[in-house]
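Keep the sequence and the 3D view at hand as you read.

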Amino acid sequence: MRTRTLTLAAASGAALLATAVLPTNASGTVNLRSAQEGSVSAADLLAKVTSCSQISNGKYKTDDETSATVPVCGKNGAVFWKADMDVDCDGQVTSKCNGNTDPWFQDDTAFHQSNGKPLRADSLPYVVVPSTSSIWKYTSSGIKGGGVVAVIYHNKVEYAVVGDTGPTKIIGEASYATAKSLGIDPDPETGGTDSGVTYILFKNSQVSPIESHSAAVSLGDSLAKKFLQNN
């Protein structure tokens with residue numbers, strides 16, 4: 001539930017320096033663990049979201065200092081947007097996610113594990129949705145905590161859950177674990193990526209328990225197949 005400020009610009013500069021000394025692949029992406037989950041390809045999913053039927057009452061910024069250019073789009077059984085990825089480390093305090101590693105750290109998430117504890121950002125792939133505003137109310141689109149999200153980047157698909165809410169005017173954020181799984185630098189201060197991420201949120205879905213990533217992958221793969229059939 002962070003609110004990033006213009007200090008992100010300074011962090012971006014630091015990110016350039018940090019990336020310069022990290023091993024990268026041919027595309028320039030930091031070499032971290034990456035995965036293709038489920039049986040539905042990124043190409044097949046992306047082919048269904050080439051055009052946007054806007055359902056939001058306006059557009060979102062990707063960061064405080066950018067202009068509002070990102071709409072929320074509607075499809076049969078899902079909503080989607082194409083944006084950047086800021087790294088959310090909120091939730092349980094761990095060695096990777098804490099007040100020292102993340103200037104915006106908060107020790108809670110909007111949605112909690114089945115035992116009542118906040119989610120764990122460094123091990124659970126989750127996505128942040130904008131808090132309710134005049135631009136868009138996520139619950140009115142059938143999106144809820146624990147809902148399944150297909151996150152696509154560089155032809156890889158990662159299944160995540162809706163795990164946190166963010167600023168009312170900014171979109172494009174996911175947990176440390178989501179970023180790492182997609183090969184994006186997961187550092188909460190200097191990592192993330194400026195563009196190229198597609199988020200497909202499946203309506204009226206819910207993983208139980210929310211902290212079970214294997215359940216998210218199983219349900220996500222099933223819903224992705226239905227999404228291809230219905231669009």
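**Exercise 1.** Find the cysteine that Cys89 is joined to, and describe the link.

*Solution.* Step 1: a disulfide (a pair of cysteine sulfur atoms within 2.5 Å) joins Cys89 to Cys97, with 1.9 Å from S to S. Step 2: the torsion about their S-S bond is about -60°, so this disulfide is left-handed. Step 3: Cys89 has a relative accessible area of 0% and is buried; Cys97, at 1%, is buried too. Here buried means under 20% relative accessible area, exposed over 50%, and partly exposed in between, using a 1.4 Å probe and protein chains only.

A note on the model: it is predicted, so local features need pLDDT of at least 70 and side-chain atom pairs count only at pLDDT 80 or more, while totals for chains, interfaces and linings use all residues. Residues are numbered from 1 along each chain as its sequence is written, and side-chain values use heavy atoms, leaving out hydrogens and water.

**Exercise 2.** How many disulfides does a search of the whole structure find? Work out what can be said about Cys52 and Cys73.

*Solution.* Step 1: the search finds 2 disulfides. Step 2: one of them joins Cys52 to Cys73, with an S to S distance of 2.0 Å. Step 3: this pair links distant parts of the chain, 21 residues apart. Step 4: the link of Cys52 and Cys73 is left-handed, with -100° about the S-S bond. Step 5: Cys52 is partly exposed at 38% relative accessible area, whereas Cys73 is buried at 3%.

How values were computed:
Helix = DSSP H or I, 4+ residues; strand = E, 2+ residues; numbered from the N terminus.
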